[in-house]
Amino acid sequence: MTAERIYDTVSEEFSRVNDLILERLGSEVPLVEKIAQYLVESGGKRLRPLLVLLSSQAAGYKKDDHLKLAAVIEFLHTATLLHDDVVDTSDMRRGRSTANARWGNAPSVLVGDFLYARAFEMMVELKNLAIMEVLSHATAVIAEGEVMQLMNVKNPKLTEDQYMKVIHDKTAKLFEAASHTGALLAGADETQEKALRDYGKHLGLAFQLVDDVLDYRGDAETMGKNVGDDLAEGKVTLPLIQAMATGKKEDADLIRQAIRKGGLDDLSRIGDIVETTGALEYTMQRAREESEKARDCLSTLEESAHKTAMALLSELAVARVN
């Protein structure tokens, strides 16, 4: 019910954003349009465009350009997912086959490029240099985050600080950019602009940390991807880092070995280790801390339905784990 309350706050605008997204996917190349529509219509919570709608109106915005900005953010996110799935050789996303599994890597990468280009076309139409600066910088940071993650695949020596840097750049940065540009569009003062920017950052970190927990406690139907995917790909996440730091030597050695070789041979045993060492609860506590920081950022805003929805969204981020 919490999620419904959040989306109901901007239900009309959300519907118009979806229509705009579909409208701007048009291409003279049929395969481009086919893949792009498959991705955009494949579901997902559309959290980042939701953040644009909520943050801009929480800061007092009354016009319609937040719809276009929300679509821009969704195109940037979708392009990133396309490239992610190719890099990770993923075959499942949001409960469906990935584009690269259906059409191959080359078309997926190129359609991702198309979506980036379309996003920047629409960005120019907003005629707001500050927004362009934030989004162009965010796009570069996200790409750097992807490369950092790739460099650290099968690296069991990754530290918690290094990991937090990776997930900030790879995941939280677009959340941050969404709420920040919403504030810029509304002409928020410097205090509110910083508060909304930081809200997005902390919210994005909370969502990612909970996703790390769900990689062990979730299920494929709920997550829209296979349980254990991160471990299978040799990705080091906070539960593994914490378990190696606090567990028995033989358990830490097993985790290091599993990270180096990838695959799911040791998933059941490692799942037990991250539970018994308290690594999953530690990760959840870090997620709760980020959620609380996000909620605290809203104190500078005037009371409104949009502010309330943003507070609920910070709670929802950590309520996905049973």
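**Close-up views of a predicted model**

**View 1. Helix H4 is mostly covered, with 12 of its 12 residues buried (under 20% relative accessible area, where over 50% is exposed and in between is partly exposed, using a 1.4 Å probe and protein chains only).** This is a predicted model, where local features need pLDDT of at least 70, side-chain atom pairs count only at pLDDT 80 or more, and totals for chains, interfaces and linings use all residues. Residues are numbered from 1 along each chain as its sequence is written, and side-chain values use heavy atoms, leaving out hydrogens and water. H4 runs over residues 47-58; helices here are DSSP runs of H or I with at least four residues, numbered from the N terminus. From first C-alpha to last, H4 reaches 16 Å, close to the 16 Å expected at 1.5 Å a residue (that is, 1.5 Å times one less than its number of residues). Among its buried residues are Leu47, Arg48, Pro49 and Ala58. And what covers them? The cover includes helices H1 (2-8), H2 (11-23), H5 (65-88), H9 (160-186), H10 (190-217) and H17 (305-318). Just after H4, glycine 60 takes a positive phi of about 100°.

**View 2. Arginine 286 sits in helix H16 (residues 279-297).** Arginine 286 counts as buried because its relative accessibility is 17%. Leaving aside residues up to four places away in sequence, arginine 286 touches Glu160, Met164, Leu209 and Leu238 (contact means heavy atoms within 4.5 Å).

**View 3. Tyrosine 38 and tryptophan 103 are one of the 3 aromatic pairs found in the whole structure.** Rings of Phe, Tyr and Trp (its six-membered ring) pair if their centres lie within 6.5 Å; planes under 30 degrees apart are stacked, over 60 edge-to-face, and the rest tilted. This pair is edge-to-face, at 5.1 Å centre to centre with 80° between the planes. Tyrosine 38 belongs to helix H3 (residues 30-40) and tryptophan 103 to helix H6 (residues 99-103), so the pair ties together parts 65 residues apart in sequence. Tyrosine 38 is buried at 11% relative accessibility, while tryptophan 103 is partly exposed at 21%.

**View 4. Phenylalanine 175 and phenylalanine 207 form a stacked pair.** Their centres are 5.8 Å apart, with 25° between the planes. The pair links distant parts of the chain, 32 residues apart: phenylalanine 175 in helix H9 and phenylalanine 207 in helix H10. Phenylalanine 175 is buried, with a relative accessible area of 1%, and phenylalanine 207 is buried too, at 5%.

Terms used. Helices (H or I, at least four residues) and strands (E, at least two) are DSSP runs, numbered from the N terminus.
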